[in-house]
Amino acid sequence: QRCAQIFCAALDVLRPSVIRYRWRAACTPSPQRMADEGFQSRVIEELRILRECSARIEARLRDGGAEMAAKVAVSSPSSPRRLELIEAVTPLSSNAVGVTPAQDCMYQSLSKDSDITTPPKDAVVCSQRFVASTLPPDWPIIIPIRSGLGQDGDNVRTRHSGRVSTRSANSGAAKSGSKRSGNSFWIDPNSRCHMAYSILCLVILLYDLTVTPFALAWGVEFDGVLAVSMWFALLFWTMDIFVNFTVAYYDEGEVVTDFDQLRRHYTSGWFFADLVVLLCDWASTLTGWLLNGSSDGRALKMMRFVKLGRFLRIASMLRMARMVRIIEEMATQHMSDGVRLVYHMVNLFLCIMWASHLLACLWFVVGTSAPSDTGAHWVDLHSLIGAQDVPHFLDCSWMYQYTVSLHWASGNIALGSIDVYPVNSGERILFVVAMMLGFLFGSSVVSLLSTAMMDYQMTRRGKTTKLRALRHYLLENDVPLHVAIPVQKQAEEHMRRKEPLAEHTVAALQLVSTALRAQLRFEIQGRHLLKHPAFRLWANMNTKLMHRTCMKAVAFKHLPSKDDLFAPGAFAESAHVLVAGGMSYTQYPESSPEVFEIVRRVEEGQWFCEAALWVEWTYVGKAESSTPCELLAVDAEALSRCFQEDHAVRDIAKEYGRQFYKRVISAFPPQAAWPTDLEVPFTEYCDLVVTMNPHAQRTIGMDAVSLLSERRGSKVIEQLSREVETSKSIVLVTGQGVVIRVVSLVVLRAEDACGNVLMQVGKWEGDQVTSALQFPGVKQEADELVREALDRIFAMRLPFLDGKLDLLGTSRENEWKESKEFGVQTRYTRVIYSARLLPEVRLDAPVCGRQAPYSSGGSKCSSGVASDAGHLLARLLDAVEIYAVVSVGETGNLYAWLPPEAVAILSGHVGDRFLQTWLSDVILPTQLSADVASEQSFDDCDFKPESFTRATV
């Protein structure tokens with residue numbers, strides 16, 4: 001049985017998927033076959049034949065090339081199964097590690113007469129295999145791209161030419177449905193600025209409505225602080241007239257910003273009421289200011305104007321309607337049901353207090369200035385109880401007069417006891433009005449409290465009924481207590497939790513037009529969706545398309561605690577993003593490449609299974625909610641259909657999906673980690689944009705430039721636009737709306753058996769040598785995977801190490817720098833391949849000679865520490881060899897295996913001086929040709945390739 005498992009595993013490594021299914025059916029052991037004693041011997045014989053065929057083909061490929069290899073394959077031992085074995089040893093693609101052109105040619109010749117399906121051009125061989133019951137063999141190489149995207153998507157052709165931004169085609173689309181007609185300055189009624197302005201209006205209104213009745217009743221002169229506040233309020237309300245002409249409003253759900261329509265809307269509404277109140281305020285203020293400081297005789301003649309001015313200030317009470325309007329708008333737009341109930345009760349209490357204040361002022365005016373049909377007023381009969389020398393009520397302080405009046409007013413409203421009574425007809429009429437007003441306020445408070453209590457009792461009654469039915473059900477079915485109690489507790493916990501409203505449960509939304517409902521969905525879902533840079537890009541390109549996408553392809557999903565979002569082995573139809581709550585993600589060895597069970601915590605805002613949008617993905621783990629969760633689900637098929645409506649968006653999505661797909665099928669060790677439902681290696685937005693085709697990069701870059709144009713000067717924008725159009729710079733917008741430049745590098749960090757690190761130590765052009773300490777690397781190009789960039793490093797920079805390194809794994813580093821030229825952040829991403837030199841290998845590279853042994857004496861250092869470092873460096877670099885590799889013409893790079901201590905010293909602040917001194921006496925090869933193995937090329941060097949097998953120190 002063990003031999004059979006080994007045999008099947010060997011076949012999985014060596015043959016294409018079509019052959020694999022055929023052989024697995026033939027070689028899977030059954031109980032009857034396992035009982036056969038000759039089964040194990042036959043398996044061993046098959047393995048021996050397989051090994052012989054593989055060794056024979058490899059030897060002939062090295063010696064005779066593709067033609068001879070094909071002949072050996074055809075003339076191999078007899079049976080059809082034997083021929084399939086020979087087909088199985090053929091590599092999948094010439095892009096694989098160690099695959100020669102001859103082998104690829106052999107594969108093509110054999111596949112013409114067989115049913116082997118040619119693998120994708122970008123396919124590579126996975127050197128590590130695992131067995132998972134829920135995943136097909138050769139996963140993830142055989143994962144197909146999702147239909148509708150296509151592996152060979154159309155080239156991206158933007159609908160914009162020149163420097164016209166994708167954003168310009170949809171200017172104003174963020175406010176979909178708005179009626180704009182040349183008004184560049186308007187105030188959004190839902191903005192924070194307008195909310196702050198409304199709160200300021202409310203504060204000034206409360207001040208006016210409180211101070212003005214008191215000042216009119218007690219005849220307070222407006223001087224000092226009152227004068228300053230009066231002038232401030234007067235100027236504020238004057239400015240408010242002009243501000244109201246710029247505040248937008250809603251007409252059938254659409255925001256209106258046209259100035260002519262705003263003017264007509266305000267003049268047909270509150271304009272004349274505000275204007276009358278403002279004119280009365282100005283008349284009263286100017287009358288008092290003109291009469292202030294005049295002679296007594298003139299003041300007596302003008303007394304009637306003073307009384308008229310004070311009477312006109314009563315018109316400011318009309319602003320009470322304005323205050324009610326502001327309060328209702330704030331309650332409607334910014335408060336929940338519970339907060340709104342408390343807010344209304346507080347407002348009711350404040351209204352009662354303000355009504356008491358207004359009645360107190362009116363009661364005092366009636367008692368002091370109103371005519372009396374009995375010849376008496378209540379102020380004449382009221383006295384200080386218990387006082388010996390009783391002064392007249394009007395001779396008391398204004399505080400006592402006001403509190404007595406307020407006591408009478410609040411007692412009438414609250415139906416309490418009072419010690420002040422009316423003594424004439426006018427006072428009794430006011431007394432009756434106050435009692436009716438108190439009855440009205442009291443009944444309002446009682447009705448509000450009764451309604452709130454009834455709602456609470458109805459809610460509790462529904463929960464109690466459900467729990468009672470659950471208990472009866474558990475008792476009738478004799479459910480054990482260890483199961484019944486958790487069921488009841490969980491049901492009670494879920495009932496206590498308030499479930500968010502779903503769109504289909506809000507009946508009023510069915511009355512709204514489809515376009516406006518789509519915009520509503522985008523405003524609700526977009527705040528989470530646009531955190532993904534790709535969706536932000538598509539929203540900038542076509543906002544209305546994203547509205548329809550949110551309507552058709554995006555929906556909220558709610559999970560209770562301890563519920564599964566998906567399980568291993570199921571087909572993924574949508575991607576998810578965690579909006580709120582806590583979730584855990586678990587991978588099991590039987591359903592994933594992991595050896596042990598791994599549990600990860602999912603953060604809010606993290607995406608699940610983005611791969612489902614671009615490939616036919618199968619879940620490799622389980623996602624479970626640890627607390628009640630809210631998620632946003634994006635349906636893959638519906639998203640693909642929505643993107644078909646816009647050619648520019650569709651082409652960008654195709655290119656994005658194609659790059660994502662290439663990374664999925666190439667995600668396996670050692671070049672990358674295995675893909676999971678949470679992450680696919682090298683699929684960050686920046687990584688994908690860097691390798692997109694130039695058309696897509698220009699489209700993405702111009703979108704970012706258009707956003708940057710709102711914050712930068714024209715010269716910087718023009719220069720950056722030229723960089724983007726000529727593909728010199730890659731600029732994009734992140735999920736947070738920040739514009740950045742990106743540069744992606746792929747470097748190789750190789751070590752030999754002694755721990756020495758391969759470094760590029762310099763460059764040479766003709767006879768001139770310059771120092772440059774860095775890892776061998778290249779800049780990642782368009783439509784290039786990181787593994788393909790590594791192959792380019794071997795082909796262009798390190799041909800003498802091709803096939804002589806054992807790749808161990810990858811890591812990545814991000815470095816941020818501020819671009820002084822463009823004023824944006826630049827992100828440098830380095831993908832580092834770690835490798836180790838294979839033992840006893842021959843490095844066929846020209847070795848440079850040296851005029852004299854290296855000494856630190858040529859480096860003049862005043863520091864003792866630097867001098868010690870120089871002496872240590874001289875000992876470390878004494879026997880290090882330098883390899884010269886031609887780049888173009890008479891230029892090339894210099895490489896050396898450096899000890900880690902030497903790398904640390906050369907990377908310091910004086911390292912460049914030491915390195916230049918070390919390279920100053922290097923003798924370059926006099927002749928470099930393609931045949932680096934020829935001894936003629938190294939006549940002027942101290943070391944020949946035959947004289948070493950690895951780097952020496």
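**View 1. Strands β4 and β9 pair in the antiparallel sense.** The pairing of β4 with strand β9, residues 622–625, runs over 2 bridges. F566 has A623 as its bridge partner in β9. This view, like those that follow, is taken from a predicted model. The two strands belong to an open sheet of 4 strands, in which the order is β4-β9-β6-β7 and the pairing is antiparallel. At the edges of this sheet are β4 (564–566) and β7 (598–602), each of which pairs on one side only. From one strand to the next, the twist averages 25 degrees.

**View 2. A second open sheet has the strand order β3-β10-β5-β8.** This sheet is also built from 4 strands, and its pairing is antiparallel. Its edge strands, β3 (554–559) and β8 (607–608), each pair on one side only. Within the sheet, strand β5 (residues 574–580) pairs with strand β10 (residues 629–635) in the antiparallel sense, over 6 bridges. Opposite H576 stands A633 in β10. Helix α19 packs on the sheet and touches β3, β5, β8 and β10. The direction of α19 makes about 70 degrees with that of β3. Another helix, α22 (residues 636–643), lies across β5 and β10. The angle at which α22 runs to β10 is about 50 degrees.

**View 3. Helices α19 and α21 pack against each other.** Helix α19 covers residues 514–529, and helix α21 covers residues 543–552. Their axes are 8 Å apart and meet at an angle of about 90 degrees. The two helices are therefore roughly perpendicular to each other. From α19, the contact is made by R517, A518, Q519, R521, F522, Q525 and L529. From α21, it is made by T543, M546, H547, R548, C550 and M551. The residues of this contact comprise 6 nonpolar, 4 polar and 3 charged ones.

**View 4. P500 lies in the loop between α18 and α19.** Helix α18, on one side of this loop, spans 481–496. Is P500 buried, exposed or partly exposed? Its relative accessibility is 43%, so P500 counts as partly exposed. P500 and H558 are 58 residues apart along the chain, and their C-alpha atoms are separated by 8.7 Å.

**View 5. The whole protein chain contains 30 helices and 21 strands.** Among contacts between residues at least 6 apart in sequence, 73% join residues at least 24 apart.

Conventions
Residues numbered from 1 in each chain as written. Predicted model: local features only at pLDDT ≥ 70, side-chain atom pairs only at ≥ 80, totals over all residues. Heavy atoms only, no water. Pairing = 2+ DSSP bridges. Axes fitted to C-alpha atoms, helices over the stretch in contact; angles between N-to-C directions. Contact = heavy atoms within 4.5 Å. Parallel < 35°, antiparallel > 145°, perpendicular 65-115°, else oblique. Nonpolar A, V, L, I, M, F, W, Y, C, P; charged D, E, K, R; others polar. Buried < 20%, exposed > 50% of the residue type's maximum accessible area, 1.4 Å probe, protein only.
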